[in-house]
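Please look over the sequence and the model before reading this briefing. The notes that follow are grouped by topic.

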Amino acid sequence: MSDENSQYVNVKNWYTKMTEDNKLITSENKDVICAAPWSHLYMDTAGLVRPCCTSDIVYGDSNTTSVNDIWHSQETINFRKNLINGITQPGCQFCYNQEKHTGGSLRTALNVKYGDMISTDTTPEMIIKYLDIRSSNLCNMACVMCGSEYSSNWYADEVSLGHHHGDDSKKKFINITKKTENDVIDNIISNNIDLVYFAGGEPLITPYHYKLIDIMITMGIASNINLRYNTNLSTLKYKSIDITERWSHFKSVEICPSIDMVGEHAEYHRYGTDWKQISANLHMIRFKMPQINMAPQITITALSIGYLPELLTYFADELKFTDEDKIEFNFVFGATTLDPRNLPTDVKDMYTRKLESFLKETPFVKLFETIISSSINYMHEADTQSRFQSMIDYLDTLDNLRGNDWKSLWPELRGTAV
């Protein structure tokens, strides 16, 4: 697949390409400029509208303000101005971090696809090319790196952990309002849309996802629209709906399964996983649905980083991936206890030897090299092992709630805990 179809596009490539087409992209703003506020709209499970799913910047609240007014809000206008002027945005650190460690990000991908929409007009007409709507936190898993904002199954554990501190406003299920649902249908769904991205929660069990799919088909615009899913792939069925029949109406469909580990490790890392069922669904899409593109998304944590060889071997041996396929990945980073940089030095060294040995033996250097080399570099970028004990304490507490045992799955970490 071409770079233009990848979420993470090499920074140098996009800059060279876009400066030929858009003179607003300059050496002064190339590290921050982003097409998102001219072409893309992201809405989270609470109805807050942001530039994209990785940004902390909030344009406005769709529960109280129309999406069109939010698109032209002062916050959105200021964001566009700042990008044109090359002002680094604190709320865009995720992309900056991805570019540093992988060579590309959602920002660079958006610039390649929609960079021609960047203009000096800071109050442009709301023409959404790329819609990313998270209509609900409804989810049947509780991944260790997630939380109740995007997984209803996390709610009970968070209550037990005291995360809500008696806040009665916190609810198990978070959904956008009917007002917002209708606003999206009435004012965004149109012939302008190029790509609709569904994530969650778990989109394949979310009712509003199916409502939007049916509306786009009924409007006669589905054949011009590309669909993209971030899904745990726990199911390919929803009530009596044949999702594969619905997908046949669209220009293209890309499934990006959230797969970080295999077997028992997968069932721990993404709690609620039935690995046998997940593997069966992966095989179904890969070998019996040739019209569906597959591009796994790996979340690399302190728990998964040392087991990338097993995962990538599964992709190669079981799913017959080659260098022509696409795999996306991101790192858990920041103060979180699951940041790979928090691992003790001896564990980092052990994992590094394992990763380097795998890379020497694998025939798919092009496909796997960036993942492995970026992981090694990121893991050694900083020594934050002072946080490691907090990670162990967190896992111990979580295991007490869930009846799991991380020590049996990661024995190499047991002797390093204080």
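Where is the place of Leu233? Leu233 sits in the loop between E6 and H10, where helices (H or I, at least four residues) and strands (E, at least two) are DSSP runs numbered from the N terminus. This is a predicted model, in which local features need pLDDT of at least 70 and side-chain atom pairs count only at pLDDT 80 or more, while totals for chains, interfaces and linings use all residues. Residues are numbered from 1 along each chain as its sequence is written, and side-chain values use heavy atoms, with hydrogens and water left out.

**Helix H9 and its surroundings**

- After H9 comes Gly220, whose phi is positive, near 80°.

**Backbone features in loops**

- Leu233 is not a glycine, yet has a positive phi of about 60°, and Leu233 counts as buried because its relative accessibility is 0%.
- Lys320, found in the loop between helix H13 (308-317) and strand E10 (328-331), likewise is a residue other than glycine with a positive phi, near 60°.
- Gly200 and Gly201 are joined by a cis peptide bond with omega about 10°, and Gly201 has its place in the loop between E5 and H9.

**Ser136 and its contacts**

- Ser136 lies in the loop between E4 and helix H7 (155-161), and it counts as buried because its relative accessibility is 6%.
- Leaving aside residues up to four places away in sequence, Ser136 touches Thr45, Ile174, Asn175, Gly200, Gly201 and Thr206, where contact means heavy atoms within 4.5 Å.
- The side chain of Ser136 also reaches the backbone nitrogen of Leu138 at 3.0 Å.

**Asn111 in helix H6**

- Asn111 has its place in helix H6, residues 106-114, and counts as buried because its relative accessibility is 0%.
- A polar atom of the Asn111 side chain lies 2.8 Å from the backbone nitrogen of Ala35.
- Asn111 and Leu395 are 284 residues apart in sequence and 39 Å apart in space, C-alpha to C-alpha.

Notes:
Buried < 20%, exposed > 50% of the residue type's maximum accessible area, 1.4 Å probe, protein only. Polar contact = N/O pair within 3.5 Å; in protein donor to acceptor, adjacent residues only side chain to side chain.
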